[in-house]
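Reader: Before we discuss individual assignments, please show me the sequence and the model. I shall then ask for the grounds of each term.

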Amino acid sequence: MADALDPEWPPTRAEGLRRLDAFLPRAGREYAETRNFDHGPGRHTNVSTLSPYLRHRLVREEEVVGEVLERFSLAQAEKFVQEVCWRTYWKGWLELRPGVWRSYRAEVADRLAELDRDRRLRDRWESAISGRSGIDCFDQWADELISTGYLHNHARMWFASLWIFTLRLPWALGADFFYRHLLDGDPASNTLSWRWVAGLQTQGKTYLASAGNISRFTSGRFRPTERLASTAEPVPGPPPPRPRALPPADRPGQGPVGLLLTEDDLDPTSLGLDPDQVAAIAGIVNLDDRSPMPVGPLPRAFTTGAMADALDRAGRAFNAPADHLDPVNDWLDPILDWAKRHNIDRIVTAESPQGPARDRVDALREPLQTAGVTLAVLRKDWDETFWPFATAGFFRFKAEIPEVLDRLGLMALR
């Protein structure tokens, strides 16, 4: 039976655009002044709550930034625009260092195996993920994450810090817990944010949660009296690798194609394809790729619902049959069966950032070619323009934002 959809988070492009429209008046100074406050479940009105929609590109980054810059100058909306660009920065950073994604996956597997060997560690981990750590704010955030699929960004930082430095739990298992339950669970943002808190991302720089900071930015909703870590020694690990050059993307070519949708990009009409070019559409999702552990019902329902919405929109936009493919464990056979049914010998798909869907698509290229089917992976202009600047820290990346937005035609909106 399919997981029930959460009425608080309709997984549609229309809902993403509605939230954007509702938030726009607050995207300037009001957002900058109030964005760090966590008011609790169902009361996150000081932030946009667009992250699940941006994560799956039900709405696109340039749409959000474009709408904001039609109403505010970049200086007025600087903090909000930077928050949108943070996700782009993380994706670009990981794209230039794909080995970090692979090492995270290996670290999760190793740490889960360690739970089988170390009963005390398993007990502490189980207490943390079930909201029984004994730290009230932490336990309520664990419950909020599981029951709503969402946490305020500041709460995510506090939670990660308490997980690593107070509860002394492996950072990768915390990242895995988030990834399994967040509606906006994003491989790059989630993995690299946890690495940053742990002191692995920016060598030697950690994030330490304090009782005073938690009390202030929850407006006294939490006043931790438990003994929290007073120091945050960086987690041992190698320095981040040097960035590679951004590999070139494919071109769509001429003639009829099959359009393959993954959960990473659910706005298929923005690929620049001629409507008459698309002979058939397929969508494929496998949430079990996120983790060896079970993925929560809320992100599962949101993602499958978002894919259904995208297939419906794509089918109407391209006037082509749109099929939801069931991958079970293998993507190749259902995709080949779909291509054969529709007499397709060329498939195009939007490029996924580093993560499970990207791993699957990369593994398809050679066997599809062997079967006589060409695969073209297309990169969006937003990524093509921004990602090459993710070579160092965010502050260097941030300095390029005005110029990049200008190159994308978004600075001319005012």
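Reader: How many disulfides does a search of the whole structure find?

Author: The search finds 0 disulfides, a disulfide being a pair of cysteine sulfur atoms within 2.5 Å. This is a predicted model, in which local features need pLDDT of at least 70 and side-chain atom pairs count only at pLDDT 80 or more, while totals for chains, interfaces and linings use all residues. Residues are numbered from 1 along each chain as its sequence is written, and side-chain values use heavy atoms, with hydrogens and water left out.

Reader: Why is cysteine 85 called buried?

Author: Buried means under 20% relative accessible area, exposed over 50%, and partly exposed in between (1.4 Å probe, protein chains only). Cysteine 85 has a relative accessible area of 0%, and therefore counts as buried. Cysteine 137 is buried as well, because its value is 2%.

Reader: Where does tyrosine 179 lie, and what makes it buried?

Author: Tyrosine 179 belongs to helix H10, residues 171–181. Helices (H or I, at least four residues) and strands (E, at least two) are DSSP runs, numbered from the N terminus. The relative accessibility of tyrosine 179 is 1%, so the residue is classed as buried.

Reader: Which residues does tyrosine 179 touch, not counting those up to four places away in sequence?

Author: Contact means heavy atoms within 4.5 Å. Among the residues that tyrosine 179 touches are Arg55, Trp101, Tyr104, Asp186 and Arg290.

Reader: At what angle do H9 and H10 pack?

Author: Helix H9 (residues 153–166) and H10 pack at about 145°, and their axes are 9 Å apart. Axes are lines fitted to C-alpha atoms, for helices over the stretch in contact, and angles run from 0 to 180 degrees between N-to-C directions. Arg156, Phe159, Trp163 and Ile164 of H9 meet Trp171, Leu173, Gly174, Phe177 and Phe178 of H10.

Reader: How do the residues of this contact of H9 with H10 divide?

Author: There are 7 nonpolar, 1 polar and 1 charged. Ala, Val, Leu, Ile, Met, Phe, Trp, Tyr, Cys and Pro count as nonpolar, Asp, Glu, Lys and Arg as charged, and the others, Gly among them, as polar.

Reader: Which members of the largest nonpolar core touch the most other members?

Author: They are Trp141, Trp163 and Leu405, in a core of 114 residues. A nonpolar core is a set of buried Ala, Val, Leu, Ile, Met, Phe, Trp, Tyr and Cys residues joined through side-chain atoms within 4.5 Å. A second, separate core has 19 residues, including Leu332 and Ile344.

Reader: Is alanine 245 buried or exposed?

Author: Alanine 245 is exposed, because its relative accessibility is 63%. The residue is found in the loop between helix H12 (211–217) and strand S1 (257–261).

Reader: What is the phi of arginine 57, and why is this residue called buried?

Author: Arginine 57 has a positive phi of about 50° although it is not a glycine. Most residues other than glycine have a negative phi. Arginine 57 sits in the loop between helix H3 (51–55) and helix H4 (61–71), and is called buried because its relative accessible area is 6%. Serine 219 also has a positive phi, near 55°, but serine 219 is exposed, because its relative accessible area is 53%.
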